[in-house]
Amino acid sequence: MFRVYLAPMEGLADPPLRRVLCRHAGFDWCFTEFIRVTDEGLAAKALLHDAPELENGGRTPDGTPCRVQILGDNPQMMAKAAALAESLGALGVDINFGCPSRFVHHSGSMLLKEPELMRDIVAAVRDALKSDILLSVKIRSGFFDKSELPGIMEAVAQEGVSEVAVHCRTRRELYKKEALDWSVLAPLHELFPAVTIVANGDIVSKESADECFKETLCTTLMIGRGAFMCPNLPKVIRDGERPYDSLETLKVMREVAQEFLDMGIEREKIICDRAKQFLSYARLGSPRLREFFKRFCRVKTVAECFTMIDDEIKAHEREISEEE
Ligand SMILES: Cc1cc2nc3c(=O)[nH]c(=O)nc-3n(C[C@H](O)[C@H](O)[C@H](O)COP(=O)(O)O)c2cc1C
């Protein structure tokens, strides 16, 4: 049985987007954006803001379980943050050792160079969790080089950790297309039989998912940017559903903008930026959306945003009815 997760994506897979994508895609799990844990700790209010799913039994409205992803370098504070998430009803906690964001300094993927600190953070978080909620870790295949992966795995795949998701590029490789290497994962199953290895990186279609399953021997995949190119990708991969076409994808993008308004988030810049980011990835799967993006990236107001999307949807529907 295959499982497909929606990757954590800071500044992109935020609560409105998770609500819409999960509704369409049927993900087995989604993740919050990384939630920063500083030396001052994490306040419940901030956690509930970033993970509103906690007020719904830890799930998005369609029922998809949501894991709270935390990021930081202080084992005690990370442990407290995990315990707080658990006390507020989280169904799972994920530790971020994979994020190369320029806003992340001594945390995220920077810690891939420090296996001992990663080990301490994982152990502290694990010990802080009282119930058997799921604990997972997200890493890259190394900091400088993928030969570091077994050592990193040895530090994080401790007892009590159920899953390790691996973005199959090193920190140094950032998002370089040609650097992706799924082949690092297959040997891990035998070396670390107690954890489920989750494959991540450039899974954007049924074909790439099948290739990834074959090469990695993983049964669980994590999808980030591919979810915008094909918003029902998990159902395509798992259930053989037909992939959404560009018109359906555009309608999902409209739903995301509408979801911001429905959730009371009315800031023009955020809504316009999210719509542009959505389209910037969606266009990679569609020449038509590529053309639309060139015009859309100039929108400045929410009203303009909806008008352009609606006009594009109407034009698209007209063409389809003329063809029939
Ligand atoms: C805009 C953006 C934001 C991201 N934010 C996070 C994050 O908050 N936490 C994390 O662990 N990874 C983050 N990542 C990495 C993704 O979870 C994923 O590992 C990466 O995009 C590779 O998967 P993909 O090729 O399916 O997109 C982010 C990636 C992108 C593109």
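These notebook entries record what I looked up in this structure, from its domains to its core and its ligand.

I am working with a predicted model, in which local features need pLDDT of at least 70 and side-chain atom pairs count only at pLDDT 80 or more, while totals for chains, interfaces and linings use all residues. Residues are numbered from 1 along each chain as its sequence is written.

**Domains.** I looked up the division of the protein and found domain 1 (3-239) and domain 2 (246-323), with bounds that come from an automatic or database domain assignment. Their C-alpha centres lie 28 Å apart. I then found 12 residues of domain 1 in contact with 15 residues of domain 2, where contact requires C-beta atoms, placed from the backbone, within 7 Å.

**Core.** The largest nonpolar core has 99 residues, and Leu 6, Val 156 and Val 164 have the most contacts inside it. Such a core is a set of buried Ala, Val, Leu, Ile, Met, Phe, Trp, Tyr and Cys residues joined through C-beta atoms within 7 Å, and buried means that 20 or more other C-beta atoms lie within 10 Å of the residue's own. Both domain 1 and domain 2 give residues to this core, so it lies between them. Leaving out residues up to four places away in sequence, I noted that Val 164 touches several residues, among them Ser 136, Met 153, Val 156 and Ile 197.

**Ligand.** Around the ligand I found 22 residues, of which Ala 7, Glu 10, Phe 34, Gly 224 and Arg 225 come nearest; a residue counts as near if its C-beta atom, placed from the backbone, lies within 6 Å.

How values were computed:
Buried ≥ 20, exposed ≤ 12 C-beta atoms within 10 Å, placed from the backbone. Contact = placed C-beta atoms within 7 Å.
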